Amino acid sequence: QFFIRKDGLLWTAGRNLAKYKVQAILGQITPVTIGEPGDIYLTPLQAHEDVVVHVRQRQGTAAVTVSGHPAGAVEPAWETDIGGNASALLSPQLNRTVVVSSGGGSQPVENDGNGTVVVDSQLGDTVNWTAGGFSNPQFLAQDRVVLQGAAGAHEVQLIDFSGDAPAVTRVSLQGARGKSTADTVAFSGGVVVPYENGEINMYSLPSGERTVLPFQATLRPRQTTQWSNPVLPGDDADSFVIMQDRNQLFRIALVASPRPHLSALARRVFEDDVIYDRVAALADTVYVIARQENHDQIIGLSSAELREQTRLELQGRVNWGPKRLGNQVLLTTDQGGLYCFGTGQSLIWQNDKFDAQPVGNPSVAGQVYLIASRDGSLHMINPTDGSIADSIETSQKISDSPVVISNRAFLPTSDGGLAVFDLGQAL
């Protein structure tokens with residue numbers, strides 16, 4: 001937790017950013033703004049004249065964002081994405097992991113038949129380095145992975161595995177306007193990018209051309225909007241779900257006629273709820289989180305019409321998730337532990353003894369779920385009841401999601417390295 005006092009205001013940053021008015025004479029501290037939990041604030045707060053500068057890692061990614069926040073403002077005046085630490089992704093060959101560095105480089109990790117070894121970065125033919133802060137790797141097809149560029153860069157990085165060695169290409173997104181405000185998502189063979197001007201664009205790859213008419217949110221003149229990260233209900237889904245300004249939820253699909261375009265198939269307006277900008281989707285259910293006075297709720301909506309079906313009180317505040325893993329959704333709260341939800345708007349189980357702070361996305365290894373925590377632990381969760389089957393401890397700080405290859409788990413660390421755990425006995 002970091003603190004700074006500036007112009008009669010006390011700022012705190014840890015799992016969220018909060019601002020308090022300090023009245024020393026009256027002995028009072030009054031909340032001014034308290035942000036949502038989710039992002040991780042990485043460095044001490046700094047003040048330059050009337051601006052507080054903070055550095056955070058955005059929830060669910062390895063990306064790092066630097067922001068300048070005027071003392072009297074609710075939102076930052078400026079933000080700059082500078083990439084992130086290493087993140088890892090299992091490749092289609094099932095014996096290779098792609099390591100993505102904070103500089104945007106990619107390095108394969110191969111299985112040599114006798115175990116898993118990290119390819120030496122001095123071997124130029126097997127390592128592909130490019131400049132720029134790329135993060136959020138996703139499968140685009142069986143043999144291609146796409147990585148997101150910085151918010152204003154209007155480019156992505158494409159890694160093609162179809163040859164003997166991975167080929168890396170930087171692709172400019174043609175016709176892109178404004179600043180992207182959320183993570184990109186690989187969808188229908190292309191990549192979808194939400195922008196602050198209300199557009200959601202889809203680009204073809206590897207050309208980078210915008211061959212699909214965008215979805216356009218209704219905005220007032222000079223108004224900008226904040227999108228949540230778009231989410232898919234399945235790996236081969238024909239639609240995605242996205243939240244606008246924490247009060248409108250859309251299910252958007254690619255429609256072929258009369259011209260290919262992104263169109264909203266369903267829309268839900270939240271008039272009486274304070275909604276977080278985090279969404280998870282399954283085949284028949286969309287989950288969103290609503291804030292109450294002392295705790296949070298999870299709302300289950302039908303995928304087809306986004307009509308509310310269930311509402312469940314959670315213990316405490318959500319501090320990780322909701323995250324889709326296969327046909328289930330996981331989340332943790334600061335008091336209620338680990339929750340698992342399924343299709344049909346159902347609670348499958350709750351482990352109220354789980355008190356770790358997860359990082360990144362969950363993974364599957366054999367018959368267990370893997371959840372990494374920031375303190376360096378890797379937890380193996382029984383998917384039927386949520387019990388902890390085993391835990392592995394390390395002194396390293398974990399920065400992103402675990403990846404499993406040849407009974408070993410690879411975890412990116414906060415110093416840009418890659419920790420390796422042997423899961424043979426545990427699985």
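Trainee: Which residues do ring pairs link into a cluster?

Mentor: Rings of Phe, Tyr and Trp (its six-membered ring) pair if their centres lie within 6.5 Å, and planes under 30 degrees apart count as stacked, over 60 as edge-to-face and the rest as tilted. Ring pairs of this kind join three residues into one cluster: F215, W227 and F250.

Trainee: What kind of model is this?

Mentor: Residues are numbered from 1 along each chain as its sequence is written, and side-chain values use heavy atoms, with hydrogens and water left out. Local features need pLDDT of at least 70, side-chain atom pairs count only at pLDDT 80 or more, and totals for chains, interfaces and linings use all residues, for this is a predicted model.

Trainee: Why is the pair of Y287 and F341 tilted, rather than stacked or edge-to-face?

Mentor: The rule for rings gives six aromatic pairs. In the pair of Y287 and F341 the ring centres are 5.5 Å apart, and the pair is tilted because the planes stand at 45°.

Trainee: How many residues apart are Y287 and F341?

Mentor: Strands (E, at least two residues) and helices (H or I, at least four) are DSSP runs, numbered from the N terminus. Y287 lies in strand β26 (residues 285–291) and F341 in strand β31 (residues 337–342). Both residues are buried, a word that stands for under 20% relative accessible area, while exposed stands for over 50% and partly exposed for what lies in between (1.4 Å probe, protein chains only). The pair links distant parts of the chain, and the separation in residues is 54.

Trainee: Which residue in β16 is the bridge partner of V146?

Mentor: Strand β15 (residues 144–148) and strand β16 (residues 155–160) run antiparallel and are joined by five bridges. On the β16 side, V146 has as its bridge partner L158.

Trainee: Which residues are linked in a network of salt bridges?

Mentor: R268 in strand β24 (residues 261–269) and E308 in strand β28 (residues 308–313) are 40 residues apart, and they form a salt bridge whose closest N and O atoms lie 3.5 Å apart. E308 also forms a salt bridge with R311, at 3.0 Å. E308 is partly exposed at 27% relative accessibility, and R311 is partly exposed with a relative accessible area of 34%. The members of the network are R268, D273, E308 and R311.

Trainee: Where is P322, which a cis peptide bond joins to G321?

Mentor: Most residues other than glycine have a negative phi, and most peptide bonds are trans. The bond between G321 and P322 is cis, with omega about 5°, and the bond from S257 to P258 is cis too, with omega near 0°. P258 is placed in the loop between β23 (248–255) and β24, whereas P322 is found in strand β29 (residues 318–325).

Trainee: What is the phi of L306, which is not a glycine?

Mentor: L306 lies in the loop between β27 (296–302) and β28, and at 1% relative accessibility it counts as buried. S188, in the loop between β18 (185–187) and β19 (190–194), also has a positive phi, near 50°, and is partly exposed with a relative accessible area of 46%. For L306 the phi is positive, at about 55°.

Conventions. Two strands pair if DSSP finds at least two bridges between them. A salt bridge is a side-chain nitrogen of Lys or Arg within 4 Å of a carboxyl oxygen of Asp or Glu.
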